[in-house]
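Biologist: I have not looked at this one before. Can you walk me through a part of it?

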Amino acid sequence: INAEVKAGVPQLWLWGIDSGGNRVLVIDRRFIAYFYVVVSPGYDASKLAREILDMHSESIVKIEAGSRKLFGTSVEVLKVYCDDPQRVAKLLRSFEGVKDCLEDDIRMSMRYLIDNNVVPCRWHNVEVREEANMYRVRVDKVYLAETVPILLEQSEVNRPDLRILSFSIICYSQEGSPQADKNPIIIISTVNSQGEQCQFLANDKDDTCILQQFICYIHKYNPDIIAGYGTNAKWMAYIRERTQNIHLRLKIDRANSEPHPSVYGHYSLTGIVHLDLADFTDLFADVKVKTLENIADHLGIMRNSEHPVIWDVDFANYWDNSQEKPKLLQFSMDTAVRIKGILDALLDFSIQLSSLVSLPLDHVMTAAVGFRVDWFLIKHAQPV
C-alpha cells in the first residue's frame, strides 16, 4: 500500500493479486486522513472548531467534536480531517484551547489499514469498477474501489504463486570498499521463482549495458518480490547512483519510479515488495558472524565447504584474470541462489508476521521489534 496525491486528490494505492492470478492495483479515493485535537479543560470545543476552520479552511475538510479516553480519563476532542495531519497539527499546537494533538504522526497508508481492518498478505473482497490505466502502472488491471475491502477470515483460496526475483551484484574496486561515484558494477546475477538463472556482465569496466539489461529484465519478468542482501543499507542506492552516472533512471518498480528511502531505513519499490535479507539476521542467534554465506550454511541451503567464498577485496583481481574470472562468475550466481534459498525458507514466516502486526511485508522485518509491537497494539486499541 502507498499513499499518492494526484491532481491534488489524496488516494490510497493497494497493490495485490486477484484470485485469478492477475496483478492488480485498487485505488481508493474516498479515505480522508485525520488526527485528534485535545481540547483544554474549560474551553468551548465548538468555539475552538470554528476558530480552527476560520484560520485553516483551505487545509481542513471537516471537524467532528466528540470524546475519547486519554490515560483512562474522558477528554473532549476534535477529530480534524485534513490532507496533511502532521503539517496541520504543527500549526494548531499554538492555538489557545489546544492542549495537545494526537495521532498526527500515523501515516495515511497505515491509518487506512488500521481503520478499515485491511490486513497485508490476506485475502479481501472489495467492490470495484475497472479504470483505464492512466498512470501506466505495470499491472494487468486497475480498479477504483467503491467499498472498503472486507477481510476474509476464512478463505478457500490458497496463497497465490508469487513471482520472486533474487539478485546479487559484484563491483570492481582495487582500493577498498566500492564507491558508487567511481566503481562500476561488473556482474549482476539473478534467480527467479521458476529457477531461471540470468547473469549480466559489464563490458570490461563499463557498466552501461549491464544496467540497461538488468532494468529491462525486471520489466519483462515483473516480479512481485525483489530480494537481496544489504540492499537497504547500501546496494539499492548504489545501483541507483550508477544508473544516474550513465544518464539513466532506475525505473524498476510498477509505477515507473525509482527506489526511494522509506520508514525504518527501508528502500521502497512502489508496487513491489523489496526484501533485504540482512534485516532477517537477528532471527539467527546461533550464527555469530551474520554473513549471507554463514546464514545459508546454517540453514543447509549451500555449504561453504562445497562452495568457496570469494572476499570482496579480491573481486578486481579475479575479474582481471581470465583463468580466475569463471570462479567469480560462479560465486556471484551462488550468492543469488543463497538469497533465493533463504527467502524461500523465511517467506511464510514473514507473511504470517506481516498479517499479525499489520505492517506491510516490505516493512515488517526492517522495523525493529518495538515498532512491530507498537503497530500490533495500535491496531487492537482502536474502538470497535
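This is a predicted model: local features need pLDDT of at least 70, side-chain atom pairs count only at pLDDT 80 or more; totals for chains, interfaces and linings use all residues.

Biologist: How many residues does α4 have?

Modeller: Helix α4, residues 208-221, has 14. Helices here are DSSP runs of H or I, at least four residues, and strands are runs of E, at least two, numbered from the N terminus.

Biologist: Which residues of α4 are buried?

Modeller: I210, L211, F214, I215, Y217, I218 and Y221 are buried (under 20% relative accessible area, with exposed over 50%, partly exposed in between, 1.4 Å probe, protein chains only). They sit on the same side of α4, because they cover an arc of only 160° around the axis, taken from the directions from the helix axis to the C-beta atoms.

Biologist: And which are exposed on the other side?

Modeller: C216 and K220.

Biologist: What do the buried ones pack against?

Modeller: β12, β13, β14, β15 and α5, with contact meaning heavy atoms within 4.5 Å.

Biologist: Changing topic, which residues lie nearest the centre of the second largest pocket?

Modeller: I169, Y229, W235, D312 and F315, out of 26 lining residues. β12 gives the largest share of that lining, 5 residues. A pocket is an open set of points on a 1 Å grid over the protein atoms alone where a 1.4 Å probe fits, with protein on both sides within 12 Å along at least five of seven lines; lining residues have an atom within 4 Å of a point.

Technical notes:
Residues are numbered from 1 along each chain as its sequence is written. Side-chain values use heavy atoms; hydrogens and water are left out. The expected span of a helix is 1.5 Å times one less than its number of residues.
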